[in-house]
Amino acid sequence: KLCETKGIKKVDVIVGGPPCQAYSLVGRAQSSHMETPMKDDPRNGLYKLYARFLKHYQPRMFVFENVMGIETANDGKTWKNIQKYLKRVGYDIECHEQNSKDFGVLQSRRRMIIVGWLKDSHMKYPTFSKKEVTAVVNDLLCDLPPLLPGESNGKYAEVPASEYVMSTGIRVPEDVLTLHTSRPNKERDISIYTRAIELWNDGHKRLNYNDLPDELKTHRNRSSFLDRFKVVEGDEPCCHTMLAHISKDGHYFIHPDITQ
C-alpha cells in the first residue's frame, strides 16, 4: 500500500532480520527456567516472514542481520532452513561475521550478516575496509554528567564533547540530553558493582559470577553467562554493548547486552 501511495514500483534493497531472542546464546541458556522453552518459541520461525517480504517485493538485494547464536540454534537446523528459504524465493546468498568495531564504532558487537541478490544478477558480497580510529570508549561518555543510583540529569557536563563524537555526528551542537537516568540499585547490586570495578582496576580482570559470596548470588544459572557483570573498558578502543550504565568514582558500569 505504501509503495503504491508513494509511486514506488521497484524496491532496490531490504534490510532487516527477525527478533534475535530465540537464537541468543544467553536466552537459550536460560531456556530451562522459562515457561516456553526457546526451542518452542514461535519467534524461531519468523525468518519465514522475512522471506515472504522478499518474495513479494523482489528487491535487487537484501541484508539479513542477526546474532552469532543463530548458527547453532536448534542444533543448526534453523540456520540451514533460513538459508534454504532465502534461496528458494530467488536469491543467491553469502554470509559472514561482521563486527561493529571494524567500522569505526567503539563497541565490540559480533553479528552474522547475510547479503543476498537476485539470481543471475552477477552481484556479490561487498568487501569492507577496516576503519581505524584513535578514540577510546571514554570519548563517548566524557560529557555525560555522573549520576548516583536513581538520579536523572538533563544537561551535559561542563566538559566539552570529544572530537570523536562531534566528527562522527554522534553529537551535534544543538543536541539535548535525554533519558540520562540511572536506575535505583539495591545494596546487594552496589556490592557486586563495587567488586566488578575493583577487579577491573586490578589488571582488567572480569568478575566471575561464581566467585561472588553466596549472599550476593540470586541467579539460578551458575554454568553460563558467568561474566554477566561487566565494567566499561573506558581506556580501550571498544567495549561491550551498553544497555544501561551507572557511574561510580569516575568509572562506568554496564549491564551487558545478552543477545550474543
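**View 1. Buried residues of helix α3.** Tyr47, Tyr50, Ala51 and Leu54 are the buried residues of helix α3 (residues 47–57). Buried denotes under 20% relative accessible area, exposed over 50%, and partly exposed the range in between (1.4 Å probe, protein chains only). Viewed down the axis of α3, these buried residues fall within an arc of 100° and therefore line one face of the helix; the arc is that of the directions from the helix axis to the C-beta atoms. Helices (H or I, at least four residues) and strands (E, at least two) are DSSP runs numbered from the N terminus. The model is predicted, with local features requiring pLDDT of at least 70 and side-chain atom pairs counting only at pLDDT 80 or more, whereas totals for chains, interfaces and linings use all residues. Residues are numbered from 1 along each chain as its sequence is written, and side-chain values use heavy atoms, with hydrogens and water left out.

**View 2. Packing and opposite side of α3.** The buried residues of α3 pack against β1 (13–16), β2 (61–66), α4 (77–88) and β3 (91–99), where contact means heavy atoms within 4.5 Å. Arg52, Lys55 and His56 are exposed on the other side of the helix. Just after α3, glutamine 58 adopts a positive phi of about 45°.

View 3. Leu46, Leu49, Phe53 and Tyr57 make a nonpolar surface patch of about 320 Å². Patches consist of residues with over 30% relative accessible area and no salt bridge; like charges are joined within 9 Å, and nonpolar side chains (Val, Leu, Ile, Met, Phe, Trp, Tyr) within 5 Å. A salt bridge is a side-chain nitrogen of Lys or Arg within 4 Å of a carboxyl oxygen of Asp or Glu. Leucine 49 lies in helix α3 and is partly exposed, with a relative accessible area of 37%. Accessible areas come from the Shrake-Rupley method with a 1.4 Å probe; for residues, only the protein chains shown count as cover.

**View 4. Surroundings of lysine 217.** Lysine 217 is found in the loop between α7 (187–201) and β5 (230–231). This lysine is buried, with a relative accessible area of 15%. The side chain of lysine 217 reaches the backbone oxygen of asparagine 210 at 3.1 Å. Not counting residues up to four places away in sequence, lysine 217 touches Tyr209, Asn210, Leu212 and Arg222.

Conventions:
A polar contact is a pair of N or O atoms within 3.5 Å; within protein, one must be able to donate a hydrogen and the other to accept it, and residues adjacent in sequence count only if both atoms are side-chain atoms.
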